[in-house]
Amino acid sequence: MHELSVAQAIVESLGRHEALTGDARVVAVTVRVGALSGVVPAALRFAWGPATEGSFAAGSRLDLEEVPLAAWCPVCRAERELPAFPRRACPACGAPTSTVLRGRELEILSMEVEDSEKPSPT
Ligand SMILES: [Zn+2]
C-alpha cells in the first residue's frame, strides 16, 4: 500500500525534529494533503496506526487538511476549484485548464509533542 510508505516517511521526518528529545512523544500530527498529491486521505489515516506502531508517535492522532485542486482558467481569468478527475476543465466556461495552482501539496504542518515525564510542580 502506497499510503503506508508515505505514512512511514512522515514518521521518519518527524523523528528528525529537534523537539523530539528524551522521552518526548508525538500526540498529534497535522498533514496537508492536496487532491493531486497521489495520497488518498482515508488510506493515509488507515496506515497511520501501523506506521507509528512502536514508535514515538504510537497512538497519535493524524489530522489531515485536504486541499482541493485549483487551476487557473485563462478564459475566465480566474482561479477555479475543480475535481481532480476525470477531466481538467473550467467548471464555469468549460475551457481546458492546465495551470494547477493548488492541490499537489503533501506536507507536515505541525505536530504536538508531549513529554512522558510528569511535569514538575515548580
Ligand atoms: Zn473558465
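1. First, the terms for accessibility: a residue is buried under 20% relative accessible area, exposed over 50%, and partly exposed in between (1.4 Å probe, protein chains only). By that scale R102 is partly exposed, at 28% relative accessibility. The areas themselves come from the Shrake-Rupley method with a 1.4 Å probe, and for residues only the protein chains shown count as cover.

2. A word on the ground rules. The model is predicted, with local features needing pLDDT of at least 70 and side-chain atom pairs counting only at pLDDT 80 or more, while totals for chains, interfaces and linings use all residues. Residues are numbered from 1 along each chain as its sequence is written, and side-chain values use heavy atoms, with hydrogens and water left out.

3. How many salt bridges does the rule give? With a salt bridge taken as a side-chain nitrogen of Lys or Arg within 4 Å of a carboxyl oxygen of Asp or Glu, the count comes to 5. One of them pairs E65 with R32, whose closest N and O atoms are 3.1 Å apart. Since E65 sits in strand β2 (residues 61-67) and R32 in strand β1 (residues 24-34), this pair ties together parts 33 residues apart in sequence. Strands here are DSSP runs (E, at least two residues), and helices are runs of H or I of at least four, numbered from the N terminus.

4. R32 also forms a salt bridge with E107, where the closest N and O atoms are 3.1 Å apart. This pair links distant parts of the chain, E107 in strand β6 and R32 in strand β1, 75 residues apart. As for cover, R32 is partly exposed at 24% relative accessible area, E65 is partly exposed at 34%, and E107 is partly exposed at 34%.

5. The side chains of R102 and E79 meet in another salt bridge, at 2.2 Å from N to O. R102 belongs to strand β5 (residues 99-102) and E79 to strand β4 (residues 78-81), so the pair ties together parts 23 residues apart in sequence. E79 is partly exposed, with a relative accessible area of 40%. Returning to R32, salt bridges that share partners join R32, E65 and E107 into one network.

6. Which residues gather in a patch of negative charge on the surface? They are D23, E112, E114 and D115. Patch members have over 30% relative accessible area and no salt bridge, with like charges joined within 9 Å and nonpolar side chains (Val, Leu, Ile, Met, Phe, Trp, Tyr) within 5 Å. Asp and Glu count as negative, Lys and Arg as positive, and His and the chain ends are not counted; each charge is placed at NZ of Lys, CZ of Arg, CG of Asp or CD of Glu.

7. D115 is placed in strand β6 and is partly exposed at 46%. Leaving out residues up to four places away in sequence, D115 touches D23 and A24, a contact being heavy atoms within 4.5 Å.

8. Finally, a backbone item: R77 has a phi near 55 degrees, a positive value in a residue other than glycine. Most residues other than glycine have a negative phi. R77 lies in the loop between β3 (70-73) and β4 and is exposed, at 64% relative accessible area.
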